[in-house]
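Keep the viewer open as you read.

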Amino acid sequence: MPAGFRARRILFATVTEYVATGKPVSSRKLARRYDLKLSPASIRNVLGDLEEEGFLIQPHTSAGRIPTDQGFRAFV
């Protein structure tokens, strides 16, 4: 489980959005659709941390993030 309330909320929103759309999730989409009260830049920083911890992956540089198996397990 990711450490910190902010990281857990962003992971939850990312997994929810990915399950709904099946597409990589961007920080801008999370900032617009979910009431995170953070800028896209702040969300990107947390997404990067979640990626380093193994909860998300980024298919290529300009893509959003998608959950890993570990990310789905943490969500459940």
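What follows goes from the whole chain down to single residues.

A word on the ground rules: this is a predicted model, in which local features need pLDDT of at least 70, side-chain atom pairs count only at pLDDT 80 or more, and totals for chains, interfaces and linings use all residues. Residues are numbered from 1 along each chain as its sequence is written, and side-chain values use heavy atoms, with hydrogens and water left out.

Start with the layout. The chain holds four helices and two strands, and from the N terminus on they run α-α-α-β-β-α. Helices here are DSSP runs of H or I with at least four residues, strands are runs of E with at least two, and both are numbered from the N terminus.

How does the overall size work out? The C-alpha atoms fill a box of roughly 25 × 25 × 20 Å along the principal axes. With 76 residues, a compact globule would have a radius of gyration near 11 Å, and the chain has 11 Å, so the two agree. That radius is taken over C-alpha atoms, and the globule rule is 2.2 Å times the number of residues to the power 0.38.

Of the 76 residues, 36% count as buried; buried means under 20% relative accessible area, exposed means over 50%, and partly exposed is in between (1.4 Å probe, protein chains only). The chain exposes about 4,700 Å², and carbon and sulfur atoms supply 52% of that. Those areas come from the Shrake-Rupley method with a 1.4 Å probe, and for residues only the protein chains shown count as cover. As for contacts (heavy atoms within 4.5 Å), take those between residues at least 6 apart in sequence: 44% of them join residues at least 24 apart.

Charges next. There are 12 positive and 7 negative side chains, and the centres of the two sets lie 9 Å apart. Lys and Arg count as positive and Asp and Glu as negative, while His and the chain ends are not counted. Each charge is placed at NZ of Lys, CZ of Arg, CG of Asp or CD of Glu.

Just after α1, G22 takes a positive phi of about 75°.

What does T14 touch, leaving aside its neighbours within four places in sequence? This α1 residue is in contact with V25, L30, L47, L56 and R65. T14 counts as buried because its relative accessibility is 0%.

L47 takes us over to α3, where it is one of the buried residues, along with I43, V46, G48 and L50. Their cover includes α1 (5-21), α2 (27-33) and β1 (56-57). The 13 residues of α3 (residues 40-52) should span 18 Å at 1.5 Å a residue, and the end C-alpha atoms are 18 Å apart, which agrees. α3 is followed by G54, whose phi is positive, near 90°.

Is Y34 buried, exposed or partly exposed? At 22% relative accessibility, Y34 counts as partly exposed. Not counting residues up to four places away in sequence, Y34 touches A13, T16 and E17. K37 counts as exposed because its relative accessibility is 69%. Phi of K37 is near 55°, a positive value in a residue other than glycine.

Further on, P59 sits in the loop between β1 and β2 and, at 46% relative accessibility, counts as partly exposed. Leaving aside neighbours within four places in sequence, P59 is in contact with P24, G64 and I66.

Finish at R73, in helix α4 (residues 69-75). R73 is exposed, since its relative accessible area is 62%.

Note on methods: The expected span of a helix is 1.5 Å times one less than its number of residues.
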